[in-house]
Amino acid sequence: MAGDPNAPHFPRSAPIEAYGKGGFAFAGMSHRGSLLCLPDAIWAWDVTDPTKIDRYSLDRVFTAANSIDTLLVGTGTGVWLPPPELRQALKAVRVVLDTMQTGPAVRTYNIMIGERRRVAAALIAVP
């Protein structure tokens with residue numbers, strides 16, 4: 001999906017229906033690339049490597065922190081340990097950070113939104 005980078009791909013949260021082949025499917029649409037799923041919208045996310053995850057790349061999460069309790073980060077196919085300063089910055093806005101590979105992150109995100117939990121997900125696309 002191409003379009004305005006300042007406009008969400010989808011104007012609310014939605015379960016991720018499929019992932020792989022460099023993208024995701026949700027709400028009957030497909031998207032190539034990584035996703036940032038917030039309680040109020042799903043956005044394209046330009047991160048492809050977990051070492052590039054920082055406060056700047058998660059700016060929308062910090063902006064929406066009042067509506068988020070947990071941030072799931074899908075790290076692609078590898079394992080990533082977030083820098084302590086990122087974990088502390090999220091903790092300061094009362095957001096718990098949980099990192100895992102993208103597959104488990106998608107499954108956990110779908111369960112949590114099904115339970116109407118206050119969750120966001122930053123999901124790196126996998127091949």
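Which residue of β3 is the bridge partner of Phe26? In this predicted model, the partner of Phe26 is Met29. Strand β2 (residues 23–26) and β3 run antiparallel and are joined by four bridges. Both strands belong to an open sheet of three strands, ordered β1-β2-β3, with antiparallel pairing. Strands β1 (16–20) and β3 (29–32) form the edges, each pairing on one side only. On average, neighbouring strands of this sheet are turned by 15° against each other, direction ignored. Helix α3 (residues 102–114) packs on the sheet and touches β1 and β2. The direction of α3 makes about 180° with that of β1.

The largest nonpolar core has 24 residues. Leu36, Trp45, Ile53, Leu58, Val61, Leu71 and Leu90 have the most contacts inside this core. Elements giving two or more residues to the core include the strands β4 (34–38), β5 (41–45) and β6 (70–74), together with the helices α1 (59–63) and α2 (84–92). Beyond its neighbours within four places in sequence, Trp45 is in contact with several residues, among them Leu36, Ile53, Leu58 and Leu123. Another core, of 18 residues, lies apart from the largest one and includes Leu72, Ala105, Ile113 and Val119.

Helix α2 has buried residues at Leu86, Ala89 and Leu90. Seen down the helix axis, the buried residues of α2 fall within an arc of 95°, so they line one face of the helix. An α-helix has 3.6 residues a turn, so residues three or four places apart point the same way. The cover over the buried residues of α2 includes α1, β6 and β7 (96–100). The face turned away from the buried side carries the exposed residues Pro84, Glu85, Lys91 and Ala92. Just after α2, Arg94 takes a positive phi of about 65°.

Methods
Residues numbered from 1 in each chain as written. Predicted model: local features only at pLDDT ≥ 70, side-chain atom pairs only at ≥ 80, totals over all residues. Heavy atoms only, no water. Core = buried A, V, L, I, M, F, W, Y, C linked by side-chain atoms within 4.5 Å. Buried < 20%, exposed > 50% of the residue type's maximum accessible area, 1.4 Å probe, protein only. Contact = heavy atoms within 4.5 Å. Arc of directions from axis to C-beta. Pairing = 2+ DSSP bridges. Axes fitted to C-alpha atoms, helices over the stretch in contact; angles between N-to-C directions.
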